[in-house]
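Student: Let's go through this one. Start with the helix packing, please.

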Amino acid sequence: MKTIFSILFGALLCSLYADQFQIPVHYDTLKNGLRIIIVPDTNVAVVSCRLYYFVGSMYEGPGSSGLSHMYEHMMFKGTKRIGTKSYNKEIPLMASIDSLADIIHKERLKGKTDSDSLIQDLKSKMYAILEKQRQYMKKEELWETYQNNGGTNLNAWTADDMTAYIVTLPKNKLELFYWLESDRMKDPVLREFYSERDVVAEERRMRYENRPLNRYWERLNSLFYVAHPYRLPTIGWMSDIEAYTREKMENHIRKFYTPDNALIVMVGNVDPKKAMIDIKRYFSSIPRSKITKTEVVTREPQPIGVTRFTVHDNVAPRIDMMFHTPGYPHDDLYKIDIIEGIFSGRSGRLYRRLVDKEKLCINVGAANSFRLHDGYFHIWAELKSDADPKKVEQIILEEIKNLSSNPPTANEMSRITNQIRMSFITGLKSLEGLSDRLAWFERLNSWKDLLSYPDKIAQVKPEEISAIAIKYINPQLMTIGQLLPIKPEKAPVDAQNENIKKK
Amino acid sequence: MKLSHFFHLIISVLMCISIVTAQSTNKQASSSSIPAHPSKIKFQPLDWTVPLGSPYRTELKNGLITYIAEDQTLPLVKIVLYIRSGSLLDPASKEGLASLMTKLMRTGGTSKYPADTLNELIDQYAMQFGISATETQISFSASFLSEYTEKALDIMEQLIFHPVFNLKEFEKEQKIMIQNIQHRFDDPAPTLRAAYQKQLYAGEVSSRFATEASVKNISREDLVGLHKKTFVTPKMILSLAGNFNRDSMLTRIEKIFPPSTQVPNDSFPQIAIKPKFKCLLVQKPLSQAYVRLGLPLFKRPHPDYYSMSLLNEILGGGGFISRLGAKIRSDAGLTYSIYSNAESNYIYPGTFYIEFFTKNASFSQAVALIIEEVQKVISEEVTELELENAKASLTGSLPSMFRSPFDIVSTYAWNEYYKRDPDHFKVYEEKLRKVTREDLLRVAKQYLTPDNFTYTVVGDTDALLKQETNGFSLSKMEVKTIPVDSIAALP
């Protein structure tokens with residue numbers, strides 16, 4: 001076991017910035033592989049406590065998309081000791097529910113739908129057994145325990161390569177975090193699985209079916225990634241959600257939700273020495289996974305042309321251009337970040353041209369996304385209603401071309417550097433934000449990369465940018481999406497003249 | 001969350017790392033010392049008390065009420081200024097005026113800096129300025145690196161007191177605002193919120209919102225006029241914290257805000273809750289119904305607020321552990337989100353509402369279950385455990401609310417803006433502690449009569465109108481059906 005204690009001295013050795021502040025980072029690894037990052041801050045009375053599992057939708061495939069997200073929900077259903085009055089009495093009832101769910105699944109495969117009486121009957125039986133099981137349950141005990149002890153920011157989130165369980169606790173309640181998180185790492189119980197599956201289906205309807213922009217974005221992402229599982233929506237496809245079973249979920253849990261695939265990050269008023277004693281007491285007995293985690297080997301092939309995608313919906317018009325970039329780590333990523341800075345903001349090249357000068361857009365920007373395998377660079381433009389999308393596209397292409405002959409000016413470099421610094425320092429204000437940043441870099445490579453990132457950016461020379469633009473921001477290989485409004489078919493109706501239906 | 005979203009935030013500072021290998025704290029873990037249940041854990045008492053605002057409050061010679069705190073932990077300064085105004089004061093037929101004015105204050109240039117130069121300066125020094133209007137408040141915010149304090153204060157003074165509302169920028173922002181109006185109901189959630197305001201406050205100023213016509217009716221002169229009468233020192237409360245010397249900062253601030261003899265007109269218009277229809281059904285082709293059940297409540301301060309707040313926590317405000325969360329989401333799997341809200345409104349009477357969405361086929365089933373739960377809280381007392389949990393949940397979040405000096409000063413500035421007692425947070429816990437189960441039953445009976453609920457629904461009319469569950473059906477009540485693009489035309 002190795003413990004590293006790092007004090008990061010802002011500007012003590014670096015002359016570029018005059019700031020004097022320190023971030024003490026305590027890093028540790030238990031014998032079972034569980035990693036721990038602790039950043040003490042005695043100015044506050046609370047601690048951001050987050051447990052990350054290095055799993056997400058990139059580890060899923062056809063038929064299982066969204067499983068990590070589903071488990072994000074299920075982790076709140078309790079364990080063998082939490083959420084139950086008698087776990088043993090729940091076991092046979094859950095088995096009966098599984099049998100009925102299996103029959104429903106098979107009937108659905110034959111073409112039966114939820115409106116068929118057979119399916120409705122089976123579901124009624126399933127819910128009747130669930131009601132019996134609920135006699136032995138303590139509903140929402142995990143959530144209630146956190147909340148009644150002053151837990152705030154209580155939640156969880158799922159991404160393509162990480163899932164996080166998060167809570168911010170008063171500094172005297174940290175043992176609660178160790179107790180509950182070690183317990184749900186050890187002995188999770190998938191109670192109320194099928195009703196929660198319905199909840200996730202409702203979530204998907206809300207996020208994607210009924211929000212035109214999200215619906216468009218989900219499809220555009222699936223077109224951009226041809227091979228890599230980044231193409232899968234984190235929430236999962238609806239048909240996959242409807243086919244989840246407890247067995248499928250249990251296999252997923254066994255593979256990924258073990259200490260050797262997890263990271264604890266605590267930021268706030270916490271004593272690292274005391275915290276490590278407690279973390280070992282609670283987590284060290286949990287064994288590593290017995291199954292070898294299957295790494296994703298698929299990599300995105302080089303595009304062979306332009307992919308063009310147009311959707312008409314009830315929305316404001318927009319254009320999205322996406323370009324493939326290398327996976328992390330890669331030195332070129334920092335140079336692409338400079339390109340992002342050149343294109344972004346009110347004084348960025350795209351805003352000045354498309355919003356201020358040509359008056360074709362109401363907003364425009366760019367974003368460079370670091371990803372474990374295949375990243376992307378994204379240029380987006382929100383168009384004025386009467387703007388010609390072809391013209392906007394043409395101007396963006398001109399600005400991309402312009403980049404290859406006009407590298408960033410000294411003013412642009414200074415602006416970008418300042419903004420990077422401001423964002424970094426602002427980010428340190430939030431306990432939760434710092435937790436996530438440390439975790440993301442640990443996921444990508446090492447938490448220390450968060451701190452070496454500024455050096456990497458500072459090493460970028462303006463004259464390097466043109467070649468990078470030519471290499472990566474290649475219009476011949478881009479994916480371009482256009483979300484355009486449907487023309488109204490009739491004038492708005494005067495509400496005063498509408499009929500009132502009364503029965 | 002996408003990495004890119006916060007990678008912009010992560011960003012950099014040149015930092016040098018000094019790594020020291022420390023002694024591992026490895027000790028033999030003992031699982032036997034783990035309590036059998038979290039309820040058995042012995043917690044130390046929390047050595048923390050709610051901070052008071054008074055040590056941070058000062059009234060400057062120019063009359064500006066200021067909450068100020070030094071915070072040397074990072075090279076940052078944060079400022080929030082509250083200005084007593086808001087969109088409720090927009091003149092009839094010029095709805096959107098306050099919103100357009102605040103937008104132009106940021107983007108329309110100042111007497112010293114043309115719009116382009118201003119954008120460049122703000123970007124160059126990575127400063128963040130925001131000005132926005134809600135119904136009952138205009139707020140200005142600033143955040144900047146402390147080494148640029150003088151530059152930032154210069155820009156702040158320009159933005160607050162010397163905007164020029166450049167005509168070209170005005171026309172640009174006016175067009176953008178109109179486009180945003182055309183698309184504000186693309187998603188169902190904002191559609192529901194707008195329809196609910198129309199439904200509960202029919203004909204009142206709180207149910208008005210900007211339309212294409214009202215925005216076109218606003219002139220540059222309107223902005224200038226509104227700015228002149230709004231941005232006067234007696235209407236403002238300032239809060240700031242950061243890496244500065246308190247006395248020097250106060251001296252500098254005093255120079256920015258001119259003294260004024262103008263007595264502020266403090267009053268917002270009187271507003272009453274006037275539900276218009278039993279059900280307002282907004283036609284939108286969706287696979288889910290987006291629903292709010294609502295009824296009138298009261299304006300704060302009000303003696304029933306704390307009882308109502310605790311009742312709300314138990315019924316639907318407490319997330320998963322609330323009765324509605326447990327029943328409609330967790331038990332029945334009918335929704336991803338359901339919650340209730342006892343609105344806290346200091347300017348006009350608020351409402352109590354329950355909001356959720358569900359697939360079309362389960363709409364009436366979900367409403368029927370909700371009504372059952374409401375019936376339960378008006379017919380029998382909540383349990384002692386429920387009440388204690390609700391109190392613990394509401395008071396337990398206070399340490400998280402007051403984390404930094406900026407949290408303290410901005411919270412107390414907000415507190416004074418809405419004319420709450422200076423010791424509001426100190427006595428908060430005590431006031432909640434005194435509330436009994438009988439109090440909750442009384443307010444439930446008084447305010448939550450199910451027959452008084454109005455229904456605001458956004459969804460597919462055909463799919464929703466014919467459903468019936470346990471006696472609940474839209475077809476049994478007065479339903480006003482309108483297309484989505486007619487919401488703004490309602491009174």
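Tutor: A crossing is left-handed if the near helix is turned anticlockwise from the far one by less than a right angle, and right-handed if clockwise. The model is predicted, with pLDDT of at least 70 needed for local features and 80 or more for side-chain atom pairs, while totals for chains, interfaces and linings use all residues. Numbering starts from 1 along each chain, chains are lettered from A, and side-chain values use heavy atoms without hydrogens or water.

Student: Which way does α1(A) pass α6(A)?

Tutor: In a right-handed crossing. Helices here are DSSP runs of H or I, at least four residues; strands are E, at least two.

Student: What's the angle between α1 and α6 of chain A?

Tutor: About 120°, with the axes 10 Å apart. Axes are fitted to C-alpha atoms, and angles run from 0 to 180 degrees between N-to-C directions.

Student: Which residues of α1(A) meet α6(A)?

Tutor: His69(A), Met70(A), His73(A) and Met74(A). Their partners in α6(A) include Phe193(A), Arg197(A) and Val200(A). Contact means heavy atoms within 4.5 Å.

Student: Now the sheet. What's the strand order?

Tutor: β8-β12-β9-β11-β10 in chain A, open, with mixed pairing. Pairing takes at least two DSSP bridges.

Student: How do β9 and β12 of chain A run?

Tutor: Antiparallel, joined by 5 bridges. Ile319(A) has Gln482(A) as its bridge partner.
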